[in-house]
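Visitor: Hi! Could you walk me through this structure?
Guide: Happy to. Let's bring it up.
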Protein chains: 2
Amino acid sequence: MTPSFYCRAYRSLMKVVRIGVTLGDPAGVGPEVVAKSVALFPDDKIYLIGNKDNFLKILQILKMKNEIQGNWESIDVPGAPVEFGIKQKSAGEIALRSIEAGIRLAQDKEIDVLVTAPVNKETLIMAGSMYVDHETMLSSITHSEKVCTVFEVDSLRVMFMPPKHVPLKDAIAHVTEENVFTSISLAEMSLQLLGLRGRRKIAVAALNPHAGDGGLLGKEELEWIEPAIKKASSQGVEVSGPYPADSVFHRASTGEFDIVVSLYHDQGHIATKMIDFYKTVSLTLGLPFLRTSVDHGTGFDIAGKNIANPASMIEAIRLAKKYGVGYESNYLAISKGF
Amino acid sequence: MTPSFYCRAYRSLMKVVRIGVTLGDPAGVGPEVVAKSVALFPDDKIYLIGNKDNFLKILQILKMKNEIQGNWESIDVPGAPVEFGIKQKSAGEIALRSIEAGIRLAQDKEIDVLVTAPVNKETLIMAGSMYVDHETMLSSITHSEKVCTVFEVDSLRVMFMPPKHVPLKDAIAHVTEENVFTSISLAEMSLQLLGLRGRRKIAVAALNPHAGDGGLLGKEELEWIEPAIKKASSQGVEVSGPYPADSVFHRASTGEFDIVVSLYHDQGHIATKMIDFYKTVSLTLGLPFLRTSVDHGTGFDIAGKNIANPASMIEAIRLAKKYGVGYESNYLAISKGF
């Protein structure tokens with residue numbers, strides 16, 4: 001049997017991932033970074049969910065109309081014309097309906113994975129949305145209770161203890177045994193959903209300098225974090241820590257751990273952004289389908305100027321392909337325990 | 001005039017920096033990382049301050065006795081023989097007396113700059129020291145009141161708002177207008193002491209996610225940090241912020257800022273360690289002489305085994321040379337304002 005036989009056999013076994021990509025707020029950099037990224041995945045089936053006229057305008061600005069014909073299909077979200085770089089109601093409306101359309105396509109099994117371009121809180125509110133971000137909207141509409149955010153960049157994966165978007169003072173108050181234990185469980189779930197069954201080494205970052213230095217530099221490690229790790233460990237979870245936050249992310253990036261539980265927003269954000277400022281991808285895990293996302297905002301100040309960096313969107317699509325194949329079966333397999 | 005003329009002229013103009021290097025706790029990795037580093041600076045005058053017998057033992061273990069003969073001179077600190085890898089009183093005594101000797105040499109102008117290898121809090125206490133770290137000891141003996149710690153790695157410089165070694169909760173409580181203003185002044189002083197007169201762009205990192213997002217994710221930015229920046233700015237300091245902590249360190253590393261004020265230990269630590277885990281150097285600024293230091297501990301578990309990584313010590317000596325020449329005159333020039 002020749003190598004080409006294996007090649008053919010492999011292809012027939014490989015499930016094609018159908019990727020839905022929302023264009024985000026059409027007045028922001030979303031359509032541009034999507035256009036620049038989609039061109040790099042000519043062999044994949046990609047559904048672009050957003051306003052088609054606006055997207056064609058971006059293609060003209062980028063002078064790349066013909067290059068990506070063929071590998072994408074437009075799921076048009078009609079709406080009033082939009083001006084680049086301005087916060088406007090019509091843009092919020094298109095952004096909102098694009099997410100709704102993406103969720104519907106995923107629920108109807110028309111797509112396997114949803115990749116999202118950035119939206120803006122203010123324009124979503126202008127459009128009358130009851131949600132101001134993707135995650136709340138996705139969790140609510142799909143009735144998902146155990147949902148978490150994981151960042152991935154190069155070989156580093158970080159899971160954020162919820163709630164992520166609170167003042168630092170409040171994040172500290174949330175460091176309780178119960179919340180840390182729940183976060184470890186969510187990290188374990190994340191690795192299962194991503195299909196990393198043989199690689200489930202979870203590390204928990206410490207809250208205080210030097211991991212509290214035996215209580216001299218803070219008591220949360222002794223009082224809450226260590227007991228939570230012990231409890232999870234006694235239930236068979238491969239988890240350790242708390243490790244000083246200035247070494248655990250480096251250790252994970254060299255392959256020692258498969259995921260790090262970050263106890264507050266900037267802890268994990270600084271670590272991932274210092275590895276590669278542009279390539280970090282946000283994954284929402286625990287929904288019935290995989291959602292990946294850029295980690296940047298709408299960038300209204302640079303929209304429509306052909307200067308937006310598509311690195312994060314390229315990685316978001318790459319990870320959607322990487323993890324999208326097995327996600328549904330992993331979800332069904334572990335959802336019994338939900 | 002030939003290039004060699006300029007070469008000679010340059011050398012005659014260049015002040016030779018006399019570098020004092022303490023060997024730290026002789027039972028730890030200090031002597032080993034110093035031995036491995038000193039060999040890389042064959043043209044410099046280096047005074048090794050520590051127990052000579054112990055150092056000769058390490059040279060034998062490293063099989064490098066002859067290689068570094070000539071460029072170093074021993075300032076012997078006598079003491080009882082020490083066993084590698086064990087916390088012991090005699091090691092603490094040698095470590096303590098080595099720092100004292102280093103300070104004396106710097107005060108007597110026998111050396112221009114002091115580089116320190118790691119000491120251990122517990123063995124210093126065993127030895128009856130009233131100080132448990134370098135910085136307190138150096139500040140106290142030299143009667144220096146305005147002293148701060150700056151980390152440097154590659155092109156990133158971070159100044160830590162004191163006190164650095166406190167629980168995260170307490171660090172937040174220290175974020176007041178007065179403390180942030182003082183920190184900005186210390187960052188300004190640091191750049192002056194390092195001779196970076198034309199490059200004094202100071203950035204202040206935010207405390208909360210998204211720099212507080214206009215108060216939604218924390219009020220410290222609006223209440224304390226912004227007023228402190230405005231006050232310093234109105235006094236002619238080139239300072240800006242607060243910037244989201246997950247972007248400011250990246251921006252500084254690309255040259256946009258010359259120093260970042262970090263509001264808590266792990267904020268700046270995670271950033272520098274993710275740039276290069278082994279190369280970060282700690283500088284103590286505000287003493288009458290420059291002190292540089294490795295950023296790692298005594299590593300008792302790997303001491304005497306020829307496996308310690310000397311990268312941080314090599315960088316500490318390199319920065320001592322880089323900044324040591326002009327430090328004293330910069331110190332005298334600005335100490336009028338102290």
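Guide: What follows is a chat about how the chains meet and how some side chains pair.

Guide: A quick note to begin with: this is a predicted model, where local features need pLDDT of at least 70 and side-chain atom pairs count only at pLDDT 80 or more, while totals for chains, interfaces and linings use all residues. Residues are numbered from 1 along each chain as its sequence is written, chains are lettered from A and ligands numbered from 1 in the order in which they are written, and side-chain values use heavy atoms, with hydrogens and water left out.

Visitor: Got it. How many residues of chain A are in contact with chain B?
Guide: On chain A, 35 residues are in contact with 35 residues of chain B (contact means heavy atoms within 4.5 Å).

Visitor: And what do chain A and chain B bury between them?
Guide: They bury about 3,000 Å², 67% of it on carbon and sulfur atoms. Buried area is the accessible area (1.4 Å probe) that two parts lose on being put together, summed over both.

Visitor: How many salt bridges are there between chain A and chain B?
Guide: Four. A salt bridge here is a side-chain nitrogen of Lys or Arg within 4 Å of a carboxyl oxygen of Asp or Glu. One pairs the side chains of A:K169 and B:E220, at 3.6 Å from N to O.

Visitor: Which elements give two or more residues to that side of chain A?
Guide: Helix 7 (168-173), helix 10 (245-253) and helix 11 (265-275) of chain A. Helices are DSSP runs of H or I with at least four residues, strands are runs of E with at least two, and both are numbered from the N terminus. Helix 11 of chain A gives the most, with nine residues.

Visitor: New topic: what rotation superposes chain A on chain B?
Guide: A rotation of 180 degrees, with 0.0 Å of shift along its axis and an RMSD of 0.0 Å. The two copies are thus related as by a two-fold rotation axis. The superposition is by least squares on the C-alpha atoms of residues with pLDDT of at least 70 in both.

Visitor: Which residue of chain A comes closest to the axis?
Guide: A:M274, with its C-alpha at 3.0 Å.

Visitor: How many salt bridges over all chains?
Guide: The structure holds 30. Among them is B:R18 with B:D112, whose closest N and O atoms are 2.8 Å apart. This pair links distant parts of the chain, 94 residues apart: B:R18 is in strand 1 (residues 18-22) of chain B, and B:D112 in the loop between helix 4 (89-107) and strand 4 (113-116) of chain B.
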